[in-house]
Amino acid sequence: ASPTARDHLDTTGRAEGRSEGWIVTRASEIDSCPMARDEFITRTTRPPFFVVAICASLTLAAVYNSGLPMPPRAVTEAMIVLLPLVGLVISHQRVGGRRFPSVAIVISASLLIVVALAAILNGSAGTSMLVLLAPALLALSFATTGGLLAEDDLRTVARWIVILGVCQAVLAFAEAQLLATWAQNIAATNGELYRYRPNLVLDGIGRASGTMGHPILLGLICAIAAILTLNRDVVRSRPIGWALFIALAYGVVLSGSRSSVAALIVGTLVYFLHPKTKTRRSLRILIVLALIPTMVIYISEAIAGARSVSIYSLNNRLDALPRFLETLNRPIENVFLGEGENFSLNTVADNQFLTTIGVYGLIGFLILVSGIIFALFSRRPTVTATVMVLAFMALSFDVLEWGFSSVMFWLLVGLSHGGKLTGRTIEENESVSISRGDGTISLAHRT
């Protein structure tokens, strides 16, 4: 409440040094603010560098399949994986008091071992071992760094994803409805424009892909960003939040992906069903009661429409279970460790679970399922809802075969139970010493 006290806090905070993103100072030193005596004031500083690096990796993953000028693909993919790790090394003093996400690290490290064993068992087919290990290295990188995100860091990353989603929605509008040449040039993936394919959700226009490289990925990022806008910590103004939600939902529609629209409905339903959602109980019940029949009706009509418009695509997805069971008829080593690069189907799998059991075997499949289940039981409603979006999309799309969706999934696995400190809460009438990463020590007392 006292400007003089705040100025003094800034001065003493800088004098004592900064650690873990917090400034800690003794308020009793501030003579001009008697009400603050014998209490402690904490303030956050700028986010650690590894948080900025995660945002940079998400941005690269969202644009490197577009028509924008980019470094060679291998260089870009290496940057996506390494940037968070380099940022973590640079920010080591700022994250010294945070607890590493042990479960998420075990899950991603297990995937790395399985991928390596599958490559050794089946041979590399002329592909370097580093390239074969790249998906698992990405998983380990983002599961680790995601688990170190504190609440403020998580808010920063969430807001950045919303910005990326809004940019994609605007670009999709210019690409599919305004037919702007510049937007179509940006959206071209290897010279291919999805605009020339009919939109399966909105009649009369083509499908948009933004810079994502595929319409389903455009629908995915817009759906995830839309769910994030429901969180008041991400978008504090509710009118702005709902306006962004509507704009992003329209971005999902412009993708022409029926599964993305269904995933958005499912994710929104899960968000309002989560017990930690900060929404009035009566409003939550009303929204849930409205969403359940909407979800059932839409999915039913989408399947019925697919039978007449895109029967091949529908059958390809519905045949996933029989093809899944066929993978269990392989030699025992391939059942458990997969066929690696040698696994192939007559058609595209369009199902991440089928692809995983085919390439990495039953063990890889169980690792994927364990990662999904682990992340779904997060105490954060937005995390649970966005993981559900990705899990739902995995039934009709190879989400881990694309950079952005893979980064999002493993980032969510890490942060689902992350953001914890290695210390504990100070009890009343207790005095403790706080040892910082920069070597300084502060005294703390809670009255």
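Guide: A crossing is called left-handed if the near helix is turned anticlockwise from the far one by less than a right angle, and right-handed if clockwise. In that sense α3 passes α5 in a left-handed crossing. The model is a predicted one, in which local features need pLDDT of at least 70, side-chain atom pairs count only at pLDDT 80 or more, and totals for chains, interfaces and linings use all residues. Residues are numbered from 1 along each chain as its sequence is written, and side-chain values use heavy atoms, with hydrogens and water left out.

Helices are DSSP runs (H or I, at least four residues), as are strands (E, at least two), numbered from the N terminus. The axes of α3 (residues 73-90) and α5 (residues 129-147), which are lines fitted to C-alpha atoms over the stretch in contact, with angles from 0 to 180 degrees between N-to-C directions, come within 9 Å and cross at roughly 35°. On the α3 side, I80, V81, P84, L85 and L88 meet L137, L138, S141, F142 and T145 of α5, contact meaning heavy atoms within 4.5 Å. By class, this contact has eight nonpolar, two polar and no charged residues, where Ala, Val, Leu, Ile, Met, Phe, Trp, Tyr, Cys and Pro count as nonpolar, Asp, Glu, Lys and Arg as charged, and the others, Gly among them, as polar.
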